[in-house]
Amino acid sequence: MVRSIGADKTIDYTKEEFAELGQNYDLIYDAVGNRSVSDYKRALRPEGICVITGFTTLPRLFQHMLLGPLVSMTGNRKIRMQGVAKPNRKDLVFIKELLEAGKVKPVIDRRYPLSQAAEAIRYLEQGHARGKVVITVEPNNKT
């Protein structure tokens, strides 16, 4: 699935441990965040960057938030949590154009109505979502 949306190299986490393949990467983008900071550091090339956007447990989140910046201060490899974007009109128009041109292909695994949010979280906790899980909110038509 990730190759179909443009990834150059993919690793099947069910078959291989990226940090133990003996390869080093310029960029690691981890949407799950279930590895240790030392795993990321070991797998990065000098000057490499790891961006973590998710987490599986609160202890792992705190490790990424605290140890990632410390590791980044003591070497040339950078490990960071993804920040929150401050959207502006120019950037949003650019993203819109990328989407319309098919250059960015969002992958949505499942959609749940807000009333089934707990079920959506249970599904995410299983750890096998193949894309984003979306909670939809219906407009309130009451007047």
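A search of the whole structure for aromatic pairs finds zero; rings of Phe, Tyr and Trp (its six-membered ring) would pair with centres within 6.5 Å, as stacked with planes under 30 degrees apart, edge-to-face over 60 and tilted for the rest. One ring does carry a charge: the charged end of Arg110 sits over the ring of Tyr123, 3.8 Å from its centre. That label needs NZ of Lys or CZ of Arg within 6 Å of the ring centre and within 35 degrees of the ring normal.

This is a predicted model, in which local features need pLDDT of at least 70 and side-chain atom pairs count only at pLDDT 80 or more, while totals for chains, interfaces and linings use all residues. Residues are numbered from 1 along each chain as its sequence is written, and side-chain values use heavy atoms, leaving out hydrogens and water.

**Overall layout**

- The protein chain has four helices and five strands. Helices (H or I, at least four residues) and strands (E, at least two) are DSSP runs, numbered from the N terminus.
- Along the sequence, the pattern reads β-α-β-α-β-α-β-α-β.
- The C-alpha trace spans about 60 × 35 × 30 Å along its principal axes.
- Of the 143 residues in the protein chain, 19% are buried. Buried means under 20% relative accessible area, exposed over 50%, and partly exposed in between (1.4 Å probe, protein chains only).
- Of the contacts (heavy atoms within 4.5 Å) between residues at least 6 apart in sequence, 39% join residues at least 24 apart.

**Strand pairing**

- Strands E1 (residues 25-30) and E2 (residues 44-52) pair in the parallel sense over five bridges. Pairing requires that DSSP finds at least two bridges between the strands.
- Tyr25 has Leu44 as its bridge partner in E2.
- Between E1 and E2 the chain passes through helix H1 (residues 37-43), and this β-α-β crossover is right-handed. With the strands pointing away from the viewer, a right-handed path from the first strand over the helix to the second runs clockwise.
- E2 also pairs with strand E3 (residues 78-81), again in the parallel sense, over four bridges. Here Val51 has Arg80 as its bridge partner in E3.

**Glu47, in E2**

- Glu47 lies in strand E2. Its phi is positive, about 75°, although it is not a glycine.
- Most residues other than glycine have a negative phi.
- Glu47 counts as exposed because its relative accessibility is 58%.

**Ser72, in H2**

- Ser72 belongs to helix H2 (residues 58-73). It counts as buried because its relative accessibility is 8%.
- A polar atom of the Ser72 side chain lies 2.9 Å from the backbone oxygen of Gly68.
- Beyond its neighbours within four places in sequence, Ser72 is in contact with Arg77, Lys78 and Ile79.

**Val133, in E5**

- Val133 sits in strand E5 (residues 132-136). It counts as buried because its relative accessibility is 18%.
- Not counting residues up to four places away in sequence, Val133 touches Arg110, Tyr112, Ala120, Tyr123 and Leu124.
- Arg110 and Tyr123 are also the residues of the charge-over-ring arrangement.
- Val133 and Gly75 are 58 residues apart along the chain, and their C-alpha atoms are separated by 36 Å.

Definitions and conventions: A polar contact is a pair of N or O atoms within 3.5 Å; within protein, one must be able to donate a hydrogen and the other to accept it, and residues adjacent in sequence count only if both atoms are side-chain atoms.
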